[in-house]
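Me: Please take a close look at one strand and its surroundings, and then follow the pairing of strands elsewhere in the chain. Keep it plain.

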Amino acid sequence: MTETRRPIVDLTEAEARLSLPLKWGVPEGVIPAWVAEMDYAVDPVVLEAVQRMLADGITGYPLERDPALGESYAAWSSRHFGWAPQPEAVHEVVDVTAGVRVALDVFSGPGGVVFPTPGYNAQHGLAGVTGRAERLLEVPASAGRAEIDLDRLDALFAAGAQTLLLTQPHNPWGRVFTRAELEGIRDVVLRHGARVVSDEIHAPLVLPGAEHVSYLSIEGTHDHAVAVVAASKAFNIAGLKCAQLLVPSAADRARLADQPMSRNDSWSPLGVAAARAAYDHGDGWLASLVERLDQQRTLLGDLLAAHLPDVRMRPLEATYLAWLDASAHGHDDAAAVALERGGVMLSAGHSYAPGSTGQVRLNIATSPDRLTEIVERLAKAWA
Ligand SMILES: Cc1ncc(COP(=O)(O)O)c(C=O)c1O
């Protein structure tokens with residue numbers, strides 16, 4: 001394990017346009033602050049691992065199960081969270097979205113999937129893709145601290161839902177659910193014999209003051225839950241395509257192994273190499289990243305106070321994605337106005353929760369200068 005601290009290197013606009021084609025595929029003059037990718041250069045240790053593979057000409061199919069990846073993830077999780085799955089619980093999947101889909105298909109009953117909203121926009125519709133009904137569990141966007149309403153969860157299960165799609169830490173709430181909250185969720189789930197799929201992609205991005213608790217580390221969860229994790233969000237390597245599905249129950253692992261080859265959820269060996277490098281050697285870079293993101297969230301708070309005092313924001317406990325309530329400015333679609341009048345591309349609140357037209361999600365993983373310009377532009381656009 002390499003503990004050496006490595007600095008966060010800001011990408012110039014030209015570099016970002018090259019490295020992050022989706023995020024930066026915006027017209028000249030527009031600043032993108034939407035999709036969850038960071039305007040930072042990839043940790044050189046991770047990049048070297050991928051470059052080495054290509055230099056060695058390793059371009060074939062990956063192993064069906066790479067035991068080294070399970071070992072790497074388990075050691076990483078143990079160091080960072082004080083809990084780890086058994087290495088054999090770690091299964092490669094192409095990305096987190098695919099991992100959630102596989103988990104629903106293989107482990108969940110046919111009943112509905114409870115999806116707390118606002119919820120990650122690309123996961124709206126995921127239940128439907130697996131032939132299940134999506135059951136929204138609304139958490140009011142204006143609530144001081146977003147919490148899962150256990151009575152509502154209970155009622156949705158009583159009405160036939162069979163799975164909870166949990167996002168821990170949460171996007172876009174920026175919340176980290178506490179052990180006590182997760183135990184409360186577990187109790188409701190157990191009462192109904194339901195399942196949980198816990199999307200923990202943002203776990204490495206818990207900021208100072210909060211602590212990540214994996215749902216799987218809660219007693220009594222292994223027979224009904226899986227988690228989906230990845231190095232992709234924290235290490236800016238989403239395009240390399242390898243996430244990990246954590247399946248703690250041996251019976252569930254047997255069901256997964258029985259899946260037909262035609263499922264073909266094929267990940268990339270480059271993604272495996274990158275994930276292993278991140279888990280084995282990325283701690284020094286990740287520490288610098290968390291420090292930077294902590295500074296960025298403080299800067300955002302200061303900028304909002306100075307330029308947008310009527311915009312409300314939940315305290316960001318994790319992730320680099322801030323959920324802003326700009327409804328006081330009275331626009332029909334705050335994100336559209338930000339783009340049209342301010343040249344800032346945000347994620348529209350209504351794609352996370354129906355009706356949240358006054359809310360936006362702002363990606364703060366950029367340079368302090370760019371974040372300052374973003375907020376200054378938003379202040380003019382929304383005025
Ligand atoms: C909560 C959450 N899950 C999943 C994803 C997407 O992950 P992947 O690209 O691995 O499917 C994101 C991306 O931002 C996310 O925020």
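Reply: Strand S3, residues 113–117, is mostly covered, with five of its five residues buried. The model is a predicted one, and burial here means under 20% relative accessible area. Val-113, Phe-115 and Thr-117 point one way from S3, while Val-114 and Pro-116 point the other way. In a regular strand the side chains alternate between the two faces of the sheet. Both sets in S3 are buried.

S3 pairs with two strands named here. With strand S4 (residues 134–138) the pairing is parallel and runs over five bridges, and Thr-117 stands opposite Glu-138 of S4. With strand S5 (residues 163–167) the sense is also parallel, over two bridges; there Val-113 stands opposite Thr-163.

The pairing of S8 is antiparallel with strand S2 (residues 90–93), over four bridges, and His-91 stands opposite Leu-245. Strand S7 (residues 225–229) and S8 also pair in the antiparallel sense, over three bridges. In that pairing, Val-229 has Gln-244 of S8 as its bridge partner.

Strand S10 (residues 321–325) and strand S13 (residues 359–363) pair over five bridges in the antiparallel sense, and Trp-323 stands opposite Arg-361 of S13.

Two strands of this sheet, S12 and S13, return in the cover of a helix. In helix H12 (residues 334–342), the residues Ala-334, Ala-335, Val-337, Ala-338 and Gly-342 are buried. They are on the same side of H12 because they cover an arc of only 160° around the axis. An α-helix has 3.6 residues a turn, so residues three or four places apart point the same way. What covers the buried residues of H12 includes strand S11 (344–345), S12, S13 and helix H13 (368–382). Just after H12, Gly-343 takes a positive phi of about 65°.

Key. Residues numbered from 1 in each chain as written. Predicted model: local features only at pLDDT ≥ 70, side-chain atom pairs only at ≥ 80, totals over all residues. Heavy atoms only, no water. Pairing = 2+ DSSP bridges. Buried < 20%, exposed > 50% of the residue type's maximum accessible area, 1.4 Å probe, protein only. Arc of directions from axis to C-beta. Contact = heavy atoms within 4.5 Å.
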